[in-house]
Amino acid sequence: MLELFQSPIMQRALVAGLLVGLSAPAVGTFIVQRRLALLGDGIGHIALTGVALGFLTGTAPTLTAVVVAVLGAVAIELVRERGRTSGDVALALLFYGGIAGGVLLIGLSKEGSNATLMSYLFGSVSTVTQDDVLVIGALSAGVLGVVLVFGRELFLLCQDPEVAKASGLPVRFLSLLLAVTAALTVVIAMRVVGLLLVSALMVVPVAASQQLTRGFRTTLLLAMVFGVVATVGGLGYTYYVNVAPGAGIVLLALLGFALALGVGTFIRRNRTGESRR
Amino acid sequence: MSQQTVFAMTGGHVSLDGRAVLRGVDLQIRAGEVVAVLGANGSGKSTLIRALLGLVPLTAGRTELYGVPPARFREWHRVGYVPQRLLAGGGVPSTIREVVASGRIARQRRLRPASAADRAAIARALTAVGLADRAGDPVAALSGGQQQRVLIARALAGEPETFVMDEPTAGVDAASQANLADTLSKLVASGRTVVLVAHELGPLEPLITRAVVIKNGRVAHDGAPPSAVGAHALPGHDHVHPHAEPAEGGPLALSPGTAAAGE
């Protein structure tokens, strides 16, 4: 057990996992309430093109992924804001274009291989470098900072955008801010859970948490606890079993959801039983 | 002071999804008035109040809040909007207190924690609607009428001068209606302006100083509230309008129960 914490590779991965486990569910709580649960998924698809551009141009893939993911998130938000029926198709074009573009560009680059592709799609522990940890740390601080500073406004935005507007909040700015924050979260989580499973870490801990809570703030905080347990636990598992960490993390999060669902149902049943007596 | 104009719409046109909903509305509402916007379903009454707040854009004409077009209006703490219902969103729970506290936002600054004044206003709002003892409960567990009270408390918490309420009586139980009437009468007594959309006025009837009836996107009646001239007045206004269809008079007419309550 101790050797797990002595390996430098694992140390870096665990720090990254801890940061991802904290930030993804924090943003995720707002995303879920805003009914954008699949936003992270879409941004993840688009970010793959960003990663590939990095390989192709010899730039750090994390950096190009940030740029492309943020642009993609802004595009998604603008499409969402404008459209009703046509929005769906426009989003689909972006998502599949992102994945196809990413696979093609990685294939074209010299360093690109199927292993590289897999490591970005489903996460990889061994490839997390010291620089990655620094970037993930800075982005996490940014994401958690947004939640801390704008949390009150984002809460009202996600409750009712019209009331937010009639309260004088900059609704458009806040919507874009939330989308951009989600994009940064996707890039943070990319190395640990992978782009295809990023969204799970924004949604599943929240879904688990809301089985047990009564308020928004407690849901957010408990989701962060679930997130950290899932990422750290999932990474620990991959130390012993050679699988992509994303799979272990997401399955652990789903297990947490199943447990929370059971406990939550039990508590609610008891509560209504008491009030009947 | 009491003559200050709160809302002023001139020639207001609104189209939603290519359909003309408001077709040339002129309306001025002054401070201290208690205005009921009445009309049948689909007459455009909800759209009207949303347009007054700048929540839906005008396709023609202009509208002002306290003398300023909504896009340039900055004093949002003066206005409290009560939407028709609490949105469930993605289902993340929130407590009654959290929702009510969010009504304070126009008076708060970023990075500043809630002040003593904020907490006191939130507590007063919760007490006013009779939900102080349930503040920690999730809003999703409440009945429709209780959720309506939460929405009103959210607006109360912001301590605005003007309240704009979209159907505060729709689908609300008798106890919550009585609570609303009580809350409103206190607001009216303190000189607040109230604009509310209603299908039927119920216990709010005695408080209303002016009724605006919207029909087919236009103002069909503007003046004394129905109670002052009797329940028969409204169908009578139909013959002002050449296109009047008897069926549309139905929802406008006060139900026998409310008419009796007003006497």
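B:Y66 is partly exposed, as 17 other C-beta atoms lie within 10 Å; here a residue is buried if 20 or more other C-beta atoms lie within 10 Å of its own, exposed if 12 or fewer, and partly exposed in between, with C-beta atoms placed from the backbone. The structure is a predicted model, in which local features need pLDDT of at least 70 and side-chain atom pairs count only at pLDDT 80 or more, whereas totals for chains, interfaces and linings use all residues. Residues are numbered from 1 along each chain as its sequence is written, while chains are lettered from A and ligands numbered from 1 in the order in which they are written.

B:Y66 has a positive phi of about 45° although it is not a glycine, and is placed in the loop between β4 (60-65) and β5 of chain B. Helices (H or I, at least four residues) and strands (E, at least two) are DSSP runs numbered from the N terminus. A positive phi, of about 50°, also occurs at B:E167, which is not a glycine. B:E167 belongs to the loop between β6 and α5 (174-189) of chain B and counts as buried, with 21 C-beta neighbours inside 10 Å.

The predictor assigns the complex an ipTM of 0.90 and a pTM of 0.88. For chain B the mean pLDDT, the predictor's confidence in each residue from 0 to 100, is 84, and 84% of the residues of chain B reach 70 or more. Over residues 228-263 of chain B, pLDDT stays under 50. For this stretch the model has 41 contacts beyond four places in sequence, two residues being in contact if their C-beta atoms, placed from the backbone, lie within 7 Å.

Chain B contains an open sheet of six strands in the order β5-β6-β7-β3-β8-β9, with mixed pairing; two strands pair if DSSP finds at least two bridges between them. At the edges stand β5 (79-82) and β9 (218-223) of chain B, each of which pairs on one side only. From one strand to the next, the twist averages 15°. Five bridges join β8 (residues 210-215) of chain B to β9(B) in the antiparallel sense, and B:V213 stands opposite B:H221 in β9(B). Across β3 (34-39), β6 (162-166), β7 (193-198) and β8 of chain B lies helix α1 (residues 45-52) of chain B, which runs at about 140° to β3(B). Axes are lines fitted to C-alpha atoms, for helices over the stretch in contact, and angles run from 0 to 180 degrees between N-to-C directions.

Beyond its neighbours within four places in sequence, B:V37 is in contact with B:K45, B:L48, B:I49, B:V195, B:L196, B:V197, B:V212 and B:I214. B:V37 is also one of the residues with the most contacts inside the largest nonpolar core, which has 157 residues. Such a core is a set of buried Ala, Val, Leu, Ile, Met, Phe, Trp, Tyr and Cys residues joined through C-beta atoms within 7 Å.

Between the chains, 26 residues of chain B are in contact with 29 residues of chain A. To the side of chain B that touches chain A, β5 and α2 (96-101) of chain B each supply at least two residues. The residues of this side divide into 14 nonpolar, eight polar and four charged, where Ala, Val, Leu, Ile, Met, Phe, Trp, Tyr, Cys and Pro count as nonpolar, Asp, Glu, Lys and Arg as charged, and the others, Gly among them, as polar.
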